[in-house]
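I am opening a notebook on this structure and will write down what I look up, one topic at a time.

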Amino acid sequence: LRAMKLEIKNLSKKFEKKEVLNNINLEVKSGEVVSLVGRNGSGKTTLLKLITGIYQLDMGEITIDGVNIEQNNLKSNIIYIPDKFDYFKYTKIKNIIKYYELAYKNFDKDYFEKELVKNKISLNKKITELSKGQTVIFGVILGLACRTNFLLLDEPLDGIDIINIKLIINYIIEAQDSGVGILVSSHQLDYLENISDKIIYIDTTGKYGKEVDKMAYSKYQLVYEDKIPEEFANLDSVRIVSNIGRVYIVLVRGSFEETRDLIQESAPLQCDELPVLLEDIFIINNKGGAEND
C-alpha cells in the first residue's frame, strides 16, 4: 500500500441544536493505529460516520494527502466497519460480499473466504445467526479484505470474550504491518494502550479531541497519619482512585516533576510513584461527571 495520511481538520457537528463534536483535529498515517477514547455520548461513532460520509459535516474538512475526500473518489480508500451490521443483519454473508466487491475494486475474495473458513464462519449464514464474537470477526475480516488504505473500526472489542479480543488485536496488528492506517474506537482501554501509536480523548463536555500524553499526568500511593487533607483532595487536578484506611491512590494532572511539591504539601507519611495507565487518564478527565448513553 502507498503511504498516505488521513487528516480531520476543525471538524464540528450538531444534530438540531445539540452539539456533538466541536473543532476535532486528528490525523492517521499509513501503518498507524490511532485509538479514540471517550465516554458514551462523546461522539466517537459520529466522528467515524462523518469521515465515511454517512453523516454530513457542518464545519471542517477531511483530506487524504491534502486532497478533500469528496474529490477523485478518495472515499474508496476508507472502509468503515460499524459495531452492528443493521443494514445487512438478515442477509447471508455470501450476498453481503457482493456489495463490497462492487464498492471496493481491490476486494480480496480469496483472503475473505479463507479467513472465514479458519474461523468456522459459513458463507451461508445470516448475520443474525452469528454470535457476537463471530459478527465482530466477520466485520474485521471484511474490512481487511477490502484492501483499503484506511480502516475505521467502531467498538470492535466490545462485548466479546478474551480469546476473540486477542484474535481481533492480531488482525489489527496484521493490518498495521501491511501499511493500513487504522482508526479504532473502544472502551477496552487496557488493550488499546498496548497497540496504539496515538490515543485521542474526546471530552464529553467540551466535545473536543486531544491527543493523550501520559507524561502530563502522575499517579501516587500516599499514606497519611489520619486521612487525606480535604483541601488537597478537593483540588480540580486531583482524583482519588481508591482508599483503604490511611492509604490512598491518587491521580494528579501534571507530570511527576510538576506535582511533587504539591504532593509534599499534603504531608503524607509515605509517597510512592506509580505508573500511569490510559484508564487513569480516562478517570481523571471524567471527574464528577455522570455517563451519557
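The entries below go from the whole chain to single residues and pairs.

**Ground rules.** I am working with a predicted model, in which local features need pLDDT of at least 70 and side-chain atom pairs count only at pLDDT 80 or more, while totals for chains, interfaces and linings use all residues. I number residues from 1 along each chain as its sequence is written, and my side-chain values use heavy atoms, with hydrogens and water left out.

**Overall layout.** I looked up the secondary structure and found nine helices and 14 strands in the protein chain; these are DSSP runs numbered from the N terminus, helices being H or I of at least four residues and strands E of at least two. The C-alpha trace of the protein chain spans about 70 × 40 × 35 Å along its principal axes. Of its 293 residues, 48% count as buried, where buried means under 20% relative accessible area, exposed means over 50%, and partly exposed lies in between (1.4 Å probe, protein chains only).

**Salt bridges.** I counted 11 salt bridges, taking each as a side-chain nitrogen of Lys or Arg within 4 Å of a carboxyl oxygen of Asp or Glu. I noted R2 as exposed at 53% relative accessibility, and D65 as partly exposed at 37%.

I then turned to K198 and E32, whose side chains meet in a salt bridge at 3.7 Å, N to O. K198 belongs to strand 9 (residues 198–202) and E32 to the loop between strand 2 and strand 3 (33–37), so the pair ties together parts that are 166 residues apart in sequence. Both K198 and E32 are buried.

**Backbone angles.** I looked for residues with a positive phi that are not glycine, and N23 is one of them, with a phi of about 60°. N23 lies in strand 2 (residues 18–29) and counts as partly exposed at 38% relative accessibility. K120 is another non-glycine residue with a positive phi, of about 55°. K120 is found in the loop between helix 3 (109–118) and helix 4 (132–145), and with a relative accessible area of 71% it is exposed.

**Cysteines.** How many disulfides are there? I counted zero, with a disulfide taken as a pair of cysteine sulfur atoms within 2.5 Å. I also looked up C146, which is buried at 1% relative accessibility, and C271, which is partly exposed with a relative accessible area of 30%.

**Surface charge.** Which lysines gather in a patch of positive charge on the surface? I found K92, K94, K98, K109 and K126 there; a patch takes residues with over 30% relative accessible area and no salt bridge, and joins like charges within 9 Å. Among these lysines, K94 is in helix 2 (residues 93–103) and counts as partly exposed at 35% relative accessibility.

Technical notes:
Patches are made of residues with over 30% relative accessible area and no salt bridge: like charges are joined within 9 Å, nonpolar side chains (Val, Leu, Ile, Met, Phe, Trp, Tyr) within 5 Å. Accessible areas come from the Shrake-Rupley method with a 1.4 Å probe; for residues, only the protein chains shown count as cover. Lys and Arg count as positive and Asp and Glu as negative; His and the chain ends are not counted. The place of a charge is taken as NZ of Lys, CZ of Arg, CG of Asp or CD of Glu.
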